[in-house]
Amino acid sequence: MADEKKMTEQESLDLITNMIQKAKSSYHETGIGSLLWGSVVSIASFLTYFQRTYEFSVGFDIWLIVLAAIIPQVIISVREKKSNQVKKYEDDALNAVWLVFGISIFALNFYQKTIPEVTAGIIEQEGWQMTKHYLDGSKPDEILKPFAPSLYSLFIMLYAFPTLVTGIVKKFKPMLYGAIIAYGLFIWSCFTRSEYDWLLGGAAAIICWFIPGVILRRKYLAQQQKHV
Amino acid sequence: MFKELDPILHSQLRLAVVSLLIGVKEAEFTFIREKTNATAGNLSVQVQKLKDAGYIEVTKQFKDNYPQTTCKITPKGIEAFEAYVQALQQYLKVGG
């Protein structure tokens, strides 16, 4: 591009539009983060469903793979930050949204693990118990431990939240539609037996992150090829 | 009475640089060079002119042992860009 070339007013306006468009479309996420989380959360959700339905165990808490995924995510984030040539205004805000999402997931997990135990302690102190009683007397009464019913529905709702924010802010339709579908899955999960929540949660992870991740990856690789 | 077009901005490469920077928080020199298809030498000169006018901020640092130049538009630059676009619109209204 030459510097001192005389421009007409229309040429100036066209140049401005062209450059703003170039800046807007220049940067694509690598998609690896979305693929990673879409994979681990859907695998953990589906395996939890199969373990509960077919009464088998993989021998360890499958949700530990989600915890372990934090390590590659940190490495991905550091690498992406280093390779990014441009920083947009919305980047910091979106990073904050995803950070808050991560904290909320751990907080909900803490709630899930803590509340039943604390409730059991209170019940024991007060000297009563929860019992499953069959009205037709077909089975004997069973003592129940306190539990948070259908809690995975709330996780599905949480999956949709940062995805929707990202979809709106980045005008990225796969995440926008993915999040809307995930909210639908959340509502659906409120009406199903709790084991099906895991199936719906797995589907939400695929729709919210895995599929948008594949699309982002393709866009990113296409952009990289242009530069070769 | 027509506003005079800002001579700092009414130049192809400088306008391209400012138009790129207006939509982002900051951008590396290499990014600007790639998007404007300018030579490094020419771009350096124009970036320096924009910096001298107070329209952009230029930060030089080392990243992984390589020098890295980052450019960012200033509030004065945003104001000048807005005034330039308004002036352009005025010309185009009359012309169109």
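Contact here means heavy atoms within 4.5 Å. With that in hand, welcome to these close-ups of a predicted model.

**View 1. The interface where chain B meets chain A.** This contact draws 36 residues from chain B and 27 residues from chain A. Between them, the two chains bury about 3000 Å², and carbon and sulfur atoms give 60% of that area. On the chain B side, B:Gln12, B:Lys25 and B:Lys35 are the ones to look for: they supply 23% of the area that chain B buries against chain A, more than any other three residues. Nine residue pairs are in polar contact across the interface of chain B and chain A, counting pairs with both residues at pLDDT 80 or more. Two or more residues come from each of these elements of chain B: helix 1 (12-22), strand 1 (26-28), helix 2 (29-36), helix 3 (40-52) and helix 4 (75-95). Helix 1 of chain B gives the most, with eight residues.

View 2. Strand 1 (residues 86-87) of chain A lines up with strand 1 of chain B in the antiparallel sense, over two bridges.

View 3. Side chains of opposite charge can pair when their charged atoms come close. How many salt bridges are there between chain B and chain A? The count is one, and its partners are B:Lys25 and A:Asp92, whose closest N and O atoms are 2.6 Å apart. Within chain A, the side chains of A:Asp92 and A:Lys87 also meet in a salt bridge, at 3.5 Å from N to O. A:Asp92 counts as partly exposed because its relative accessibility is 34%, and A:Lys87 is likewise partly exposed, at 29%. The pair that crosses between chains runs from B:Lys25, in the loop between helix 1 and strand 1 of chain B, to A:Asp92 in helix 5 (residues 89-126) of chain A. B:Lys25 has a relative accessible area of 22%, so it is partly exposed.

**View 4. A salt bridge between A:Arg193 and A:Glu195.** The closest N and O atoms of A:Arg193 and A:Glu195 are 3.2 Å apart, and the two residues form a salt bridge. Is A:Arg193 buried or exposed? A:Arg193 is exposed, because its relative accessible area is 57%. A:Glu195, at 21% relative accessibility, counts as partly exposed. For comparison with the previous view, salt bridges that share partners join A:Lys87, A:Asp92 and B:Lys25 into one network. Over all chains, the structure holds five salt bridges.

**View 5. The surroundings of A:Thr48.** A:Thr48 is found in helix 2 (residues 32-54) of chain A. Its relative accessibility is 7%, so A:Thr48 counts as buried. Which residues does A:Thr48 touch, not counting those up to four places away in sequence? They are A:Ile62, A:Trp63 and A:Trp198.

View 6. A:Ser34 is buried because its relative accessible area is 14%, and buried means under 20%. Leaving out residues up to four places away in sequence, A:Ser34 touches A:Met175, A:Trp209, A:Phe210, A:Gly213 and A:Leu216. A further landmark is A:Arg217: A:Ser34 and A:Arg217 are 183 residues apart in sequence, and their C-alpha atoms are 9.2 Å apart in space.

**View 7. A hairpin in chain B.** Strand 2 (residues 56-63) and strand 3 (residues 66-73) of chain B pair in the antiparallel sense over eight bridges. As a guide along the pairing, B:Gln61 stands opposite B:Gln68 in strand 3 of chain B. How many residues lie between strand 2 and strand 3 of chain B in the hairpin? There are two residues between them, and B:Asp64 in the turn has a positive phi of about 50°. When following side chains here, recall that in a regular strand they alternate between the two faces of the sheet.

Notes:
Residues are numbered from 1 along each chain as its sequence is written. Chains are lettered from A and ligands numbered from 1 in the order in which they are written. This is a predicted model: local features need pLDDT of at least 70, side-chain atom pairs count only at pLDDT 80 or more; totals for chains, interfaces and linings use all residues. Side-chain values use heavy atoms; hydrogens and water are left out. Buried area is the accessible area (1.4 Å probe) that two parts lose on being put together, summed over both. A salt bridge is a side-chain nitrogen of Lys or Arg within 4 Å of a carboxyl oxygen of Asp or Glu. A polar contact is a pair of N or O atoms within 3.5 Å; within protein, one must be able to donate a hydrogen and the other to accept it, and residues adjacent in sequence count only if both atoms are side-chain atoms. Helices (H or I, at least four residues) and strands (E, at least two) are DSSP runs, numbered from the N terminus. Two strands pair if DSSP finds at least two bridges between them. Buried means under 20% relative accessible area, exposed over 50%, partly exposed in between (1.4 Å probe, protein chains only).
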